[in-house]
Amino acid sequence: MAKTTARKRRWKKIAIWISVVIIALVAGVFAYLASVTYSPSEQAEAAMKSDDRVVVSEVQNGYQFEPKGQDITQPNVVFYPGGLVEPSSYAPMARALAEQGHRVYITRMPLNLAMFGENRADSFLAEHAGESFVIGGHSLGGVFASRYAAAHTDQIKGVFYLASYADDGGRLDGTNLSALQITGSNDGVLNWESWEKAKSNLPNDTTFVSIEGGNHGQFGSYGMQKGDNAPKITEQEQLKQVVQALEAWMKSMKLLQK
């Protein structure tokens, strides 16, 4: 009986130590991810505030930017952030599109990694069922936005990629979707070889835009990204060209409507 009790105590201690080790490992992972996650710039933080032109609100799975005092221009826009980038880092782009009349959603991803939140666009589409949507993302976010679109071709009208591409899991060739790929000529982070190979996964109706002097990080607003090249244009100029390309693309699809 004494041996049995001692054995139980020993296993209880082992179980406690295992629990402590697991908790420490999980805490370490969270701490590490937090230390390498890119935070929004002051400009991005300012763009998160509502004013007389755009109303910014926190919604399920993200943030909504809605034009104030004007009719909504279709399509609605869903955006998946780049890996380990806080969603508010893309507020300047979302605000600029909202000022054009679009309802824009920036998705908040678990651990700031789109691979853990591929289907988070569901709540946005459900909120405005019957309206038209395009979806896209930056870098890793674009890959998983494409995967979402591939599984929801009946609900998504088009997909846009900022320094990103459609991998085999998000291939859209053979679909009737429209696609837009925007890259920066000074991008030092994008895997250009993978980007080139992935062109075969895109639909026939794909528009390619290259921003001369643009880099990887300036598709958002969070400063220089590790491994990136210095840009030759300002963040504001790159944002302007991105928004112009998006508007021209949506217009070409004849999706713009009040």
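Asp167 is buried, with a relative accessible area of 16%. Buried here means under 20% relative accessible area, exposed means over 50%, and partly exposed lies in between (1.4 Å probe, protein chains only). The model is predicted, so local features need pLDDT of at least 70 and side-chain atom pairs count only at pLDDT 80 or more, while totals for chains, interfaces and linings use all residues. Residues are numbered from 1 along each chain as its sequence is written, and side-chain values use heavy atoms, with hydrogens and water left out.

**Salt bridges**

Asp167 has a partner. Its side chain meets that of Arg147 in a salt bridge (2.6 Å, N to O). The pair links distant parts of the chain: Arg147 sits in helix H5, Asp167 in the loop between S6 and strand S7 (178-184), and 20 residues separate them. Arg147 counts as partly exposed, at 27% relative accessibility. A salt bridge is a side-chain nitrogen of Lys or Arg within 4 Å of a carboxyl oxygen of Asp or Glu. Side chains of opposite charge can pair when their charged atoms come close.

The structure holds nine salt bridges.

| Salt bridge | N to O distance |
|---|---|
| Arg147 and Asp167 | 2.6 Å |
| Glu66 and Arg103 | 3.0 Å |
| Glu196 and Lys199 | 3.4 Å |

The side chains of Glu66 and Arg103 also form a salt bridge. This pair, too, links distant parts of the chain: Glu66 lies in strand S2 (residues 62-67), Arg103 in the loop between helix H3 (91-99) and S4, 37 residues apart. Arg103 is buried, with a relative accessible area of 6%. Glu66 is partly exposed, at 24%.

Glu196 forms a salt bridge with Lys199. Glu196 is partly exposed at 43% relative accessibility, and Lys199 is partly exposed at 31%. Elsewhere, salt bridges that share partners join Glu66, Arg103 and Glu131 into one network.

**The chain as a whole**

The protein chain has seven helices and eight strands. Helices (H or I, at least four residues) and strands (E, at least two) are DSSP runs, numbered from the N terminus. Of the 258 residues, 50% count as buried. The chain exposes about 12800 Å², and carbon and sulfur atoms supply 53% of that area. Accessible areas come from the Shrake-Rupley method with a 1.4 Å probe; for residues, only the protein chains shown count as cover.

Contacts also reach along the sequence. Among contacts between residues at least 6 apart in sequence, 70% join residues at least 24 apart. A contact means heavy atoms within 4.5 Å.

**Helix H5**

Helix H5 covers residues 140-151, which makes 12 residues. From its first C-alpha to its last it reaches 17 Å, close to the 16 Å expected at 1.5 Å a residue. The expected span is 1.5 Å times one less than the number of residues.

The buried residues of H5 are Gly141, Gly142, Val143, Phe144, Ala145, Ser146, Tyr148 and Ala149. They pack against strand S3 (76-80), helix H4 (122-127), strand S5 (133-138) and strand S6 (156-162).

**Asn215 in its loop**

Asn215 is in the loop between strand S8 (206-211) and helix H7 (235-252). It is buried, with a relative accessible area of 1%. Its side chain reaches the backbone nitrogen of Gln218 at 3.1 Å. Not counting residues up to four places away in sequence, Asn215 touches Asn186, Asp187, Met224, Asp228, Asn229, Ala230, Pro231 and Gln238.

**Backbone features and a surface patch**

Most residues other than glycine have a negative phi, and most peptide bonds are trans.

The peptide bond from Gln74 to Pro75 is cis, with omega near 5 degrees. Pro75 is found in the loop between S2 and S3.

Asn61 has a positive phi, near 70 degrees. It is in the loop between strand S1 (54-59) and S2. Asn61 is buried, at 16% relative accessible area.

Leu111 has a positive phi of about 60 degrees although it is not a glycine. It lies in the loop between strand S4 (104-107) and H4. At 35% relative accessibility, Leu111 counts as partly exposed.

Leu111 also belongs to a nonpolar surface patch with Met115 and Phe116, with about 280 Å² of accessible area together. Patches are made of residues with over 30% relative accessible area and no salt bridge; like charges are joined within 9 Å, nonpolar side chains (Val, Leu, Ile, Met, Phe, Trp, Tyr) within 5 Å.

Notes. A polar contact is a pair of N or O atoms within 3.5 Å; within protein, one must be able to donate a hydrogen and the other to accept it, and residues adjacent in sequence count only if both atoms are side-chain atoms.
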